[in-house]
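Here are my notes for you, written as numbered points. Keep the viewer open while you read, and look up each residue as it comes along.

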Amino acid sequence: MSAPTIDFATFETLKETTGAEFALELVDTFLQEAPVMLADLRRAMAAGDAERFRRAAHSLKSNSNTFGALALAAMARELEIGGLPTAAAGGRSVDALDQEYSRVAAALTALRHA
Amino acid sequence: MRELRSGTARLLVVDDNKVNRLLLTRNLELQGHSVASAENGRVALEMLRREGFDLLLLDMEMPELDGFQVLEQLVNDRQLRDLPVIVTSSLEGVENVVRCIELGAEDYLSKPVNPVLLKARIGASLEKKRLRDQQKELMRRFATPEVEEDLETSGFSLGGKLVRASVMFSDIRGFTSLAESQPPEETIELLNTYYELMFDAISGHGGVVTLMMGDGLMSVFGAPVPVADHAESAVRAAQEMVELIGLFNVEREAAGKPPIKIGIGIASGEMVAGYTGTNKRATYTCIGDTVNLAARLEEHTKAAQRMILIDQATRSALSERVAVESLGAVPFRGKATAVEVFAVDPN
């Protein structure tokens, strides 16, 4: 995985175009919403609901790109276009996604207090 | 930061994802627009039907009613089908973009949406909408709702198709001498009242005025929108026209002005109906023997001293309730054989 956890240029652009205060509020919203999306991804996988799985991955990808979380976006995109994985492979992918999200959340929280 | 421009508009953002919704709304507000948002297609359609919006920014992936379903509903909604839609999505696959455009979306922006690109696309979309609104306004003024509807549903193309319909010609008897005996302002005023009354009677019976020349009007019943009983509708319209002129004359006489008389000719049958002219200027009209006959019948009202004359085909299509009198066969210019002419009682 060569993509950075947070692409700072993207995040700076977001701050510049929308205003720093708004960008930080948006980070808060993402930090509230992303765990819901991750949980949704797991539930969809457990239920064998391919459409819901794809949609949850899609949302996560879309939001990750917004904040420059390019590695997370790339992983989510792979799940989006890859279809419903087998339980074992899917479990590994979503675990990896969770771990990357933890890094993103830590980085964004740090930026928030910077 | 806020950039106020003259081109501010009322926009609706639809996205089920909160981060996307907030971000897009923020970007649009910074561009000076007034923005409302909805979290799915169903809520969006409710808002669109309730309030007026200039443009819709639509996400594709949504629960309840997704973007494709919203586009489909908009296309089939007469009130909303002209609303410009910009799709904002991160859908994978070019076939999805194609599908959006085919369903009538004006533009497609990939998420995350670049604010500069967003501004340019919205500007272009709103400008196009302004031109379309202007065009529609012109259309309302110069075309009948039927022709407008026909243009909107089938699109504009020169050329005609064979239809069965009734054609009516009408004019004011002795209009030229009347116009010469009074100031031009009075003539214009007279014409305006006359047109208003005649248009009302004609369109009230499903007819479409296709030609206005001085005091003369040509109207069609049964095209472009089919009318089942077009002959009877035309005759009923003619009777109403005569009646309205009668009422108008009461007013004129009270004002010390001479009464006006009208003559009406109606013929029914096959004709070619369609748009003639050039791609820049065209008019909806009908062509054929039936049309010529209607014009001849209208001319003949003067000699026959009757207000409404119809041909055999119109006569045959009428119900018993309409009182008709045969005037025998009349030789017309351009007709090899004499034509059976009937007079309709004005009621």
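The points below go from the overall picture to the interface and then to single residues.

1. Before anything else, keep in mind that this is a predicted model. For chain B the average pLDDT is 85, and 89% of the residues score at least 70. Where pLDDT is low, the predicted coordinates should not be read in detail.

2. Now take the contacts in chain B with a separation of 6 or more: 65% of them are between residues 24 or more positions apart.

3. Now for the place where the two chains meet. How many residues of chain B are in contact with chain A? There are 19 on the chain B side, and they touch 25 residues of chain A. The area buried between the two chains is about 1800 Å², with carbon and sulfur atoms giving 55% of that. On the chain B side, the residues that lose the most area to chain A are B:Val19, B:Glu61 and B:Glu92, which together make up 32% of what that side buries.

4. Stay at the interface and look at the polar side of things. The rule finds five residue pairs in polar contact between chain B and chain A, both partners being at pLDDT 80 or more. As for where the chain B side comes from, helix α1 (residues 18-30) of chain B gives the largest share, eight residues. Sorted by class, the side of chain B that touches chain A has ten nonpolar, four polar and five charged residues.

5. How many salt bridges does the rule find across the interface of chain B and chain A? There is one. B:Glu61 forms a salt bridge with A:Arg54, and their closest N and O atoms are 2.5 Å apart. Have a look around that pair, too: A:Glu51, A:Arg54, A:Arg55 and B:Glu61 are linked in a network of salt bridges. B:Glu61 also turned up among the residues that lose the most area to chain A.

6. Over all chains, the search finds 28 salt bridges. One inside chain A is worth a click: A:Arg52 with A:Asp40, at 2.8 Å between the closest N and O atoms. This pair links distant parts of the chain, with A:Arg52 in helix α3 (residues 50-67) of chain A and A:Asp40 in helix α2 (residues 20-47) of chain A, twelve residues apart. A:Arg52 is partly exposed at 31% relative accessibility, and A:Asp40 is partly exposed at 22%.

7. The side chain of B:Arg42 meets that of B:Glu46 in a salt bridge (3.1 Å, N to O). The two are separated by about one helical turn, because they sit four residues apart in helix α2 (residues 41-50) of chain B. B:Glu46 is partly exposed at 41%, and B:Arg42 is partly exposed at 36%. B:Arg42 also meets B:Glu64 in a salt bridge, this time at 2.6 Å, N to O. B:Arg42 lies in helix α2 and B:Glu64 in the loop between β3 and α3 of chain B, so this pair ties together parts that are 22 residues apart in sequence.

8. What is the phi of B:Glu64? The value is positive, about 70°, although B:Glu64 is not a glycine. Its loop runs between β3 (55-58) and α3 (67-75) of chain B, and the residue is exposed, with a relative accessible area of 56%. B:Gln305 has a positive phi too, about 60°, and is not a glycine. You will find B:Gln305 in the loop between α10 (289-304) and β11 (308-311) of chain B. Is B:Gln305 buried or exposed? At 67% relative accessibility, B:Gln305 counts as exposed.

9. Last stop: A:Met75, in helix α4 (residues 70-82) of chain A. A:Met75 counts as buried, because its relative accessibility is 14% and the cut-off for buried is under 20%.

Terms used:
Residues are numbered from 1 along each chain as its sequence is written. Chains are lettered from A and ligands numbered from 1 in the order in which they are written. Side-chain values use heavy atoms; hydrogens and water are left out. Contact means heavy atoms within 4.5 Å. Buried area is the accessible area (1.4 Å probe) that two parts lose on being put together, summed over both. A salt bridge is a side-chain nitrogen of Lys or Arg within 4 Å of a carboxyl oxygen of Asp or Glu. A polar contact is a pair of N or O atoms within 3.5 Å; within protein, one must be able to donate a hydrogen and the other to accept it, and residues adjacent in sequence count only if both atoms are side-chain atoms. Ala, Val, Leu, Ile, Met, Phe, Trp, Tyr, Cys and Pro count as nonpolar, Asp, Glu, Lys and Arg as charged, and the others, Gly among them, as polar. pLDDT is the predictor's confidence in each residue, from 0 to 100. Buried means under 20% relative accessible area, exposed over 50%, partly exposed in between (1.4 Å probe, protein chains only).
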